[in-house]
Amino acid sequence: MSDTTHALTSNFITDIIDDHLDNGRFDHVHTRFPPEPNGYLHIGHAKSICLNFGIAEAYGGLTNLRFDDTNPTKEEVEYVESIQEDIRWLGFDWDDRLYFASDYFDEMYAYALQLIKKGKAYVCDLSPEELREYRGTLTKPGRNSPYRERTVEENLDLFQRMEAGEFPDGSRTLRAKIDMSSPNLNLRDPVIYRILHESHHRTGDKWCIYPMYDYAHCISDSLEHITHSICTLEFEDHRPLYDWFLESLGIFHSQQIEFARLNLTHTVMSKRKLLQLVREGYVSGWDDPRMPTLSGMRRRGYTTEAIRKFIDTVGISKANSLVDVELLEHVLRDDLNERARRVMAVLEPMKIVIDNYPEAKEETLDVPYFPWDREGSPTRAVPFSREVYIERSDFMEDPPKKFYRLAPGREVRLMNAYYITCMDVVKDENGEVVELHCTYDPETRGGMSPDGRKVRGTLHWVSARHALDAELRLYDYLFTKPDPYEVSEGGDFTDNVNPDSLQVLTGAKLEPSLRDAAVREPFQFMRQGYFCADPDGTPEKPVFNRTISMVDTWAKMQKQRRS
């Protein structure tokens with residue numbers, strides 16, 4: 001066993017690395033994170049980021065950030081920039097080790113020429129449809145291409161002419177010459193290069209042939225002397241091809257290791273599906289707070305610490321599984337509970353007029369942000385005046401048993417302020433309650449009674465004279481079903497998009513301390529949930545996103561399972 005002290009929980013990957021360090025295959029650890037710049041990163045990528053950077057850090061090694069930019073039709077600089085921002089937000093850095101697969105296009109082309117000269121690659125004229133037909137199936141072996149036995153000289157000539165731009169898109173490919181009868185379909189003479197007359201975001205029009213991922217990936221790993229190429233489980237069947245390329249070329253041989261990707265209920269993790277949601281208008285963009293993208297989660301109010309804690313909690317395994325999104329929410333609540341300042345916000349306001357409070361009077365209450373730590377907590381000034389707002393749901397004219405909030409003739413506590421008693425109810429022409437008239441006890445300032453009498457209900461409130469008008473965006477799951485792909489025959493996953501995944505409240509009232517809230521700064525709106533300021537807001541008209549509600553579904557589920 002290696003003497004390395006790990007900063008992360010041991011798992012089957014660290015066991016493999018320990019064995020490599022002990023038997024001398026490698027004397028150090030060098031990993032990489034290789035995203036494709038064709039979309040924004042999501043929570044599933046966070047698992048790979050934490051694993052690659054975390055393992056290298058634990059072993060005193062290095063991690064490269066390398067963009068797999070081998071398909072110019074889908075890549076954009078916007079994605080390159082967003083990916084870098086997301087990785088840094090998670091707390092990782094690659095220092096000066098930022099690379100692109102396109103950095104190695106010259107080397108990849110030279111290695112392809114070597115494979116041709118060794119008789120291990122050939123130019124094939126089969127169309128894409130014919131390639132699929134010749135490939136065979138899981139139960140039926142493939143057939144050799146009629147162009148498989150071209151001479152080395154002919155293949156060199158054709159490949160160089162492919163590179164020179166003589167042939168149209170799709171007319172020819174360069175294929176590895178392996179085994180068309182292999183039970184592993186990835187070894188049935190896979191395509192190495194295809195013709196694609198498209199400008200590349202970094203190389204421009206220099207190339208009209210582009211390498212396929214399986215080829216570019218292992219070559220890039222080798223050129224960067226990556227010791228451990230950590231991939232998700234779907235690449236396990238590709239590992240023999242990864243090894244075949246490196247062994248055939250006789251170059252530095254990285255070790256590919258596969259782990260189970262992260263799958264969450266009520267969520268899709270396919271960048272193609274996420275792009276569909278964006279393009280078809282189901283969400284406002286890649287950073288929509290309902291999206292599982294890191295930019296969307298960041299905008300919604302998720303913290304770096306919560307995501308990394310969740311990844312640690314889920315752990316690393318070799319078997320695919322589906323994780324309840326409630327676990328992620330449970331971890332997030334625990335994190336926000338420690339860091340979010342408590343403030344008051346009224347989502348659906350009902351006005352109260354305190355008739356015996358002087359009309360011109362105002363006073364300021366010094367209220368702690370963290371009520372459980374009154375001695376050490378920072379405080380803010382909360383204004384109080386004759387008219388205040390409470391939640392409409394905190395009043396009932398004819399309350400049932402166990403409703404302890406405000407009702408006619410009942411006394412309740414306004415949090416950190418005074419006891420009030422409801423004396424009169426004002427209704428509109430439709431019979432709807434629009435205003436309450438109350439009296440207050442001036443001896444109960446701070447929310448305590450000098451005579452020791454008790455009240456059952458405590459309500460949050462906002463001074464009407466000082467309230468901020470705000471827009472609140474309340475988010476729910478983007479999909480109604482735990483498995484969004486569970487659809488009827490002929491259906492699409494978008495059939496399960498939740499039409500109520502966003503509720504916008506435009507008449508909310510906030511205490512004035514929130515006027516200068518920083519974007520993404522976490523707050524607990526007392527009794528309502530955790531919120532953060534959205535960049536769409538202004539000091540005059542703030543916008544807040546509900547990060548998550550107060551109810552901890554995961555904790556309830558665990559309690560039920562134990563009972």
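Is Cys 208 buried or exposed? Cys 208 is buried, as its relative accessible area is 9%. Keep in mind that this is a predicted model, so treat the briefing below as a tour of that prediction.

**Cysteines and disulfides**

- A disulfide is a covalent bond between the sulfur atoms of two cysteines.
- With sulfur pairs required to lie within 2.5 Å, the model has 0 disulfides.
- For Cys 208, the closest cysteine sulfur belongs to Cys 124, and at 18 Å it is too far for a bond.
- Cys 422 is in no disulfide either, and its nearest cysteine sulfur, in Cys 438, is 4.6 Å away.
- Cys 422 is also buried, with a relative accessible area of 2%.

**Helix 7 with helix 8**

- Helix 7 covers residues 213–223 and helix 8 covers residues 239–249; their axes are 9 Å apart and they pack at an angle of about 55°.
- This angle makes helix 7 oblique to helix 8.
- The two helices make a right-handed crossing.
- On the helix 7 side, the contact is made by Asp 214, Tyr 215, His 217, Cys 218, Ile 219, Asp 221 and Ser 222.
- On the helix 8 side, the contact residues are Leu 241, Tyr 242, Phe 245, Leu 246 and Leu 249.
- Sorted by class, this contact has 8 nonpolar, 2 polar and 2 charged residues.

**Helix 4 with helix 6**

- Helix 4 (residues 105–117) and helix 6 (residues 152–164) cross at roughly 160°, and their axes come within 9 Å.
- What does that angle say about their directions? Angles over 145 degrees count as roughly antiparallel, and helix 4 and helix 6 are therefore roughly antiparallel to each other.
- The crossing of helix 4 and helix 6 is right-handed.
- Helix 4 brings Tyr 109, Ala 112, Leu 113, Ile 116 and Lys 117 to the contact.
- Helix 6 meets them with Val 152, Asn 155, Leu 156, Phe 159, Gln 160 and Glu 163.
- By class, 7 nonpolar, 2 polar and 2 charged residues make up the contact of helix 4 with helix 6.

**Helix 11 with helix 12**

- Helix 11 spans residues 304–314 and helix 12 spans residues 325–339; they pack at an angle of about 140°, with axes 9 Å apart.
- That angle makes helix 11 oblique to helix 12.
- Helix 11 and helix 12 pass each other in a right-handed crossing.
- Helix 11 contributes Glu 305, Ala 306, Lys 309, Phe 310, Thr 313 and Val 314 to the contact.
- Helix 12 contributes Leu 327, Leu 328, Val 331, Leu 332, Asp 335 and Arg 339.
- The classes here come to 7 nonpolar, 1 polar and 4 charged residues.

- His 225 is not a glycine, yet it has a positive phi of about 55°.
- You will find His 225 in the loop between helix 7 and strand 8 (228–232).
- His 225 counts as partly exposed, at 43% relative accessibility.
- Arg 527, also a residue other than glycine, has a positive phi near 75°.
- The loop between strand 23 (522–525) and strand 24 (529–533) holds Arg 527.
- Arg 527 is partly exposed, with 36% relative accessible area.

- Where is Leu 277? Leu 277 lies in helix 9, which covers residues 271–279.
- Leu 277 counts as buried, at 0% relative accessibility.
- Beyond its neighbours within four places in sequence, Leu 277 is in contact with Val 268, Tyr 282, Val 283, Met 291, Leu 478, Phe 479, Phe 493, Thr 494 and Val 497.
- Leu 277 and Met 291 are 14 residues apart along the chain, and their C-alpha atoms are separated by 9.2 Å.
- Pro 35 sits in the loop between strand 1 (30–33) and helix 2 (43–58).
- Pro 35 is buried, at 5% relative accessibility.
- Setting aside neighbours within four places in sequence, Pro 35 is in contact with Leu 41, Leu 65, Arg 66, Phe 67, Asp 68 and Ile 83.
- The C-alpha atoms of Pro 35 and Pro 383 are separated by 51 Å, and these residues are 348 residues apart along the chain.

Conventions:
Residues numbered from 1 in each chain as written. Predicted model: local features only at pLDDT ≥ 70, side-chain atom pairs only at ≥ 80, totals over all residues. Heavy atoms only, no water. Axes fitted to C-alpha atoms, helices over the stretch in contact; angles between N-to-C directions. Helix = DSSP H or I, 4+ residues; strand = E, 2+ residues; numbered from the N terminus. Parallel < 35°, antiparallel > 145°, perpendicular 65-115°, else oblique. Left-handed = near helix turned anticlockwise from the far one by under 90°. Contact = heavy atoms within 4.5 Å. Nonpolar A, V, L, I, M, F, W, Y, C, P; charged D, E, K, R; others polar. Buried < 20%, exposed > 50% of the residue type's maximum accessible area, 1.4 Å probe, protein only.
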